[in-house]
Amino acid sequence: MTAYAIANLRPTATVAEDVFVYMETIQSTLDPFDGRFLVHGATLEVREGTWPNALVIVAFPDMTAARAWYHSPAYQSLIPLRTDHIEGDLVLVEGVGEGYDPASTAAALRAQAA
């Protein structure tokens, strides 16, 4: 099942040189794990609430690949280039499978709450 690395980043007005190096290098850390950018540098249309941050979404074939990428020496060496200059949050999350039914999830949650 597809898994995603999702980053909610709070960039500053000035981009540090390290961030450019991070951006120029990150794809080479994704390639061995079949990671690919789905969202990066896109303009957001906020429809509810506020979202002053930047959104990044990377897809992987599965959670095993996502975890292996994150823990790889290549990516671990890049992390400070971003985190020393940009605050943010990064999560790994598994997507839903084919035929996912949110009504079934609601029914299960309703049953748990009873």
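Predicted model: local features only at pLDDT ≥ 70, side-chain atom pairs only at ≥ 80, totals over all residues.
Reader: Is Asp31 buried, exposed or partly exposed?

Author: Buried means under 20% relative accessible area, exposed means over 50%, and partly exposed is in between, using a 1.4 Å probe and protein chains only. Asp31 has a relative accessible area of 45%, so it is partly exposed. For a sense of distance, Asp31 and Gly49 are 18 residues apart in sequence, and their C-alpha atoms are 35 Å apart in space.

Reader: Which value of phi does Asp34 have?

Author: Most residues other than glycine have a negative phi. Asp34 isn't a glycine, yet its phi is positive, at about 55°. Asp34 also lies in the loop between α1 and β2, and it counts as exposed because its relative accessibility is 55%.

Reader: On to the sheet. In what order do the four strands come?

Author: Strands of a sheet pair through backbone hydrogen bonds, either parallel or antiparallel. Here, two strands count as paired if DSSP finds at least two bridges between them. The four strands form an open sheet in the order β2-β3-β1-β4, with antiparallel pairing. β2 (36-40) and β4 (87-94) are the edge strands, each pairing on one side only. Ignoring direction, neighbouring strands are turned by 15° against each other on average.

Reader: How many bridges join β2 to β3?

Author: Four bridges join that antiparallel pair, and Phe37 has Val58 as its bridge partner in β3. β1 and β3 pair over seven bridges, again antiparallel. There, Ala7 is partnered with Val56 of β3, and Leu9 with Ala54 of β3. On to β1 (residues 3-10) and β4, which are antiparallel over eight bridges. Asn8 has Asp89 as its bridge partner in β4, while Ala3 stands opposite Glu94 of β4.

Reader: Now the helices. At what angle do α1 and α3 pack?

Author: Two packed helices are described by the angle between their axes and the distance between the axes. Axes are lines fitted to C-alpha atoms, for helices over the stretch in contact, and angles run from 0 to 180 degrees between N-to-C directions. α1 (residues 17-30) and α3 (residues 73-83) pack at about 155°, with their axes 9 Å apart. That makes α1 roughly antiparallel to α3; the cut-offs are under 35 degrees for roughly parallel, over 145 for roughly antiparallel, 65 to 115 for roughly perpendicular, and oblique for the rest.

Reader: Which residues make that contact?

Author: Contact means heavy atoms within 4.5 Å. α1 brings Asp18, Val19, Val21, Tyr22, Thr25, Ile26 and Thr29, and α3 brings Ala74, Tyr75, Leu78, Leu81 and Arg82. By class, this contact has eight nonpolar, two polar and two charged residues. Ala, Val, Leu, Ile, Met, Phe, Trp, Tyr, Cys and Pro count as nonpolar, Asp, Glu, Lys and Arg as charged, and the others, Gly among them, as polar.

Reader: How do the axes of α2 and α3 cross?

Author: The axes of α2 and α3 come within 5 Å and cross at roughly 55°. That makes α2 oblique to α3. Trp69, Tyr70 and His71 of α2 meet Pro73, Tyr75, Gln76 and Ile79 of α3. This contact has five nonpolar, two polar and no charged residues.

Reader: Last one: where is Ala113 found?

Author: Ala113 is in helix α4 (residues 102-113). Ala113 counts as exposed, at 68% relative accessibility. Ala113 and Ile86 are 27 residues apart along the chain, with 40 Å between their C-alpha atoms.

Methods:
Residues numbered from 1 in each chain as written. Heavy atoms only, no water. Helix = DSSP H or I, 4+ residues; strand = E, 2+ residues; numbered from the N terminus.
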